[in-house]
Amino acid sequence: MLLDCLISCDKLYEDGKAGRIGFAINHQMVGPINKTLDLVLTRVPRNRNDRVPRRTFLEVGLSYGIVLTPDETAQVAEFGSVYEESRDDVSEIAVAVEAKACMTKHIGALPRLHAEILATGYLAKRAAPQCTTVSYTLVNAATSFMSESAVETIRQPDSAVSVLKMLETAVPLCRDHRNLLGYDAVGALSIECKNDGSPIRLASGVSAPASNSPIQYTRIIRQVCAAYR
């Protein structure tokens, strides 16, 4: 997602190449109640101490075992000036992303998933009112999923559709609540993941957000870019 933002947005691309932005994974946002966000993009202060050791975007990605194609490796390597925030850095949060994954037991997980998304968006806005908040959910559209104990059968496409409908209709947007509550962008990506070692594929049809859906993945990248610009 960070790579998509950097290469798709002119302003983020320019600031990334110039070293004006940083990022962090599992970053604690300080507010009335501190909350850890899955991904944040930050504005690097001009007086940052460059002698503090920091990892590049590429180094962090490789440390997680992310497999990149040669083209993707070249794209990430372009952003050698985009560094990971250290725990002691105090930087302005420009974009805050809450990432969720709904892989199995979709219907039963809906109330908790909804509550966690709402709570995180609220706390992120309280901690940094000016930041762009993003809810991003990975939805499994496979008909089965191998858990630790057994292979679970998933009723599809009904299960994936129910999660997508909740994300599209039940997560509040800031623009509807005078920026006091909600997210600036809500999106989802549907995959077919059986968790059995078989290939993971992007889902299609009714199990995935349509091109005209407000939660379609490319649309949230565009919204992040517009808000940042």
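Here are legends for a set of close-up views of this predicted model.

Residues are numbered from 1 along each chain as its sequence is written. As the model is predicted, local features need pLDDT of at least 70 and side-chain atom pairs count only at pLDDT 80 or more, while totals for chains, interfaces and linings use all residues; side-chain values use heavy atoms, with hydrogens and water left out.

**View 1. Two phenylalanine rings, F23 and F57, pair up.**
This is one of 3 aromatic pairs found in a search of the whole structure. To pair, rings of Phe, Tyr or Trp (its six-membered ring) need centres within 6.5 Å; planes under 30 degrees apart are stacked, over 60 edge-to-face, and the rest tilted. With centres 5.6 Å apart and planes at 65°, F23 and F57 are edge-to-face. F23 sits in strand 1 (residues 21-29) and F57 in helix 3 (residues 57-63), so the pair ties together parts 34 residues apart in sequence. Buried means under 20% relative accessible area, exposed over 50%, and partly exposed in between, using a 1.4 Å probe and protein chains only.

**View 2. Y136 and Y217 make a tilted pair.**
Here the rings are 5.7 Å centre to centre, with 50° between the planes. Y136 belongs to strand 5 (residues 132-140) and Y217 to helix 7 (residues 217-228), so this pair ties together parts 81 residues apart in sequence. Y136 is buried at 15%, and Y217 is buried too, at 14%.

**View 3. R48 and E85 meet in a salt bridge.**
Side chains of opposite charge can pair when their charged atoms come close. A salt bridge here is a side-chain nitrogen of Lys or Arg within 4 Å of a carboxyl oxygen of Asp or Glu, and the whole structure has 16 of them. In the R48 and E85 bridge, N to O is 2.8 Å. R48 is in the loop between strand 2 (35-43) and helix 3, and E85 is in the loop between strand 3 (83-84) and strand 4 (92-102), 37 residues apart. Both R48 and E85 are buried.

**View 4. E84 and R55 form another salt bridge.**
This one is 2.9 Å, N to O. It links E84 in strand 3 with R55 in the loop between strand 2 and helix 3, 29 residues apart. E84 is buried at 16%, whereas R55 is partly exposed at 34%.

**View 5. The largest pocket holds about 910 Å³ of space.**
On a 1 Å grid over the protein atoms alone, a pocket is an open set of points where a 1.4 Å probe fits, with protein on both sides within 12 Å along at least five of seven lines; lining residues have an atom within 4 Å of a point. Points are joined across faces, edges and corners, and volume is the space filled by probe spheres set on them. Of the 23 lining residues, the closest to the centre are M1, L2, L3, F57 and I66. Helix 3 gives the most to this lining, with 4 residues. The lining divides into 18 nonpolar, 2 polar and 3 charged residues. (Ala, Val, Leu, Ile, Met, Phe, Trp, Tyr, Cys and Pro count as nonpolar, Asp, Glu, Lys and Arg as charged, and the others, Gly among them, as polar.)

How values were computed: Helix = DSSP H or I, 4+ residues; strand = E, 2+ residues; numbered from the N terminus.
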